[in-house]
Amino acid sequence: MVVKKEDEILMKSMLEDDPNSNESVVTEKPRWGPQHAGAKELAGQYTMGKRIQETICLFTAIGLIIWNFTNLARYFQPENWYFILVSAILGILTADFFSGLVHWGADTWGSVELPILGKGFIRPFREHHIDPTSITRHDFIETNGDNFAVIVPFLAQMTYKFWTLSPEQIAATYNWECYVYFIAVFVSLTNQFHKWSHTYFGLPKWITMLQDYHIILPKKHHRIHHVSPHETYFCITTGWLNYPLEKIRFWTTLESLIESSTGNKPRADDFKWASKTH
């Protein structure tokens with residue numbers, strides 16, 4: 001029987017009934033999860049200031065999403081539906097690629113000790129690898145605040161265009177604005193899809209159906225990323241691009257180029273936090 005590489009990875013991955021992979025190997029103490037020393041320290045670095053920033057960005061982005069949708073609907077032309085469909089598909093693929101690029105960058109490089117970006121941005125990625133189900137205990141704001149923050153400038157620029165451009169100018173760039181809008185929406189939803197891929201119990205049927213049909217990130221697909229040292233399958237919006245990017249060795253090629261030119265080893269900081277015992 002031929003065993004695919006993905007199946008081999010899954011055989012070494014976390015068990016379905018043990019998302020933190022504590023029972024697959026007998027140890028004195030659980031290897032991962034909220035009791036891990038590194039996970040405790042990282043979770044404790046979530047500050048009130050960070051919470052306020054996430055809340056402001058989230059509500060700002062939601063307001064811009066609604067406002068821009070009403071304007072896109074206002075200028076919608078039924079005969080243009082085909083281009084809007086293409087814009088939606090390309091928007092999803094673009095969001096999936098950028099989710100992988102950001103995820104790969106934060107997983108692979110940098111340090112929690114970096115000013116501003118360290119505790120504000122890289123910290124959740126370090127925590128997630130040593131406590132994969134921590135994301136399931138985060139509320140909507142903590143889960144999605146950073147993703148909503150990313151889309152604010154792009155949606156704000158779109159809002160400005162709807163305010164200042166003539167109807168003729170808007171019609172000329174309408175398909176592009178649809179493309180940008182779909183990217184923004186799926187970027188904003190990325191970490192929610194990611195959270196659902198770690199939620200093994202209690203999800204509504206419609207969400208599990210979307211996962212089963214690989215319309216959003218499926219559980220088993222994302223588990224491939226969570227095999228240490230977390231070096232593949234970085235795309236977490238839909239995961240559609242993971243297999244082709246793996247086949248062309250996209251991430252490993254980038255890592256080799258960066259390591260050879262800078263001397264920095266990939267995932268060194270990630271390994272440091274995973275190795276903490278006290």
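Helix H3 (48–74), H4, H5, helix H6 (140–164) and helix H8 (174–197) each contribute at least two residues to the lining of the largest pocket. Helices are DSSP runs of H or I, at least four residues, numbered from the N terminus. The model is predicted: local features need pLDDT of at least 70, side-chain atom pairs count only at pLDDT 80 or more, and totals for chains, interfaces and linings use all residues. Residues are numbered from 1 along each chain, and side-chain values use heavy atoms, without hydrogens and water.

The largest pocket holds about 890 Å³ of space. A pocket is an open set of points on a 1 Å grid, for a 1.4 Å probe, with protein on both sides within 12 Å along at least five of seven lines; lining residues have an atom within 4 Å of a point. The lining comprises 38 residues, with Val102, Phe121, Asp146, Asn147 and Val150 nearest the centre. By class, 19 are nonpolar, 13 polar and six charged.

The axes of H4 (residues 81–108) and H5 (residues 117–130) come within 9 Å and cross at roughly 80°. H4 and H5 are therefore roughly perpendicular (65 to 115 degrees). Val102, His103, Ala106 and Asp107 of H4 make the contact with Phe121, Ile122, Phe125, Arg126 and His129 of H5 (heavy atoms within 4.5 Å). This contact has five nonpolar, two polar and two charged residues. Ala, Val, Leu, Ile, Met, Phe, Trp, Tyr, Cys and Pro count as nonpolar, Asp, Glu, Lys and Arg as charged, and the others as polar.

Conventions
Axes are lines fitted to C-alpha atoms, for helices over the stretch in contact, and angles run from 0 to 180 degrees between N-to-C directions. Angles under 35 degrees count as roughly parallel, over 145 as roughly antiparallel, 65 to 115 as roughly perpendicular and the rest as oblique. Grid points are joined across faces, edges and corners, and a volume is the space filled by probe spheres set on the points.
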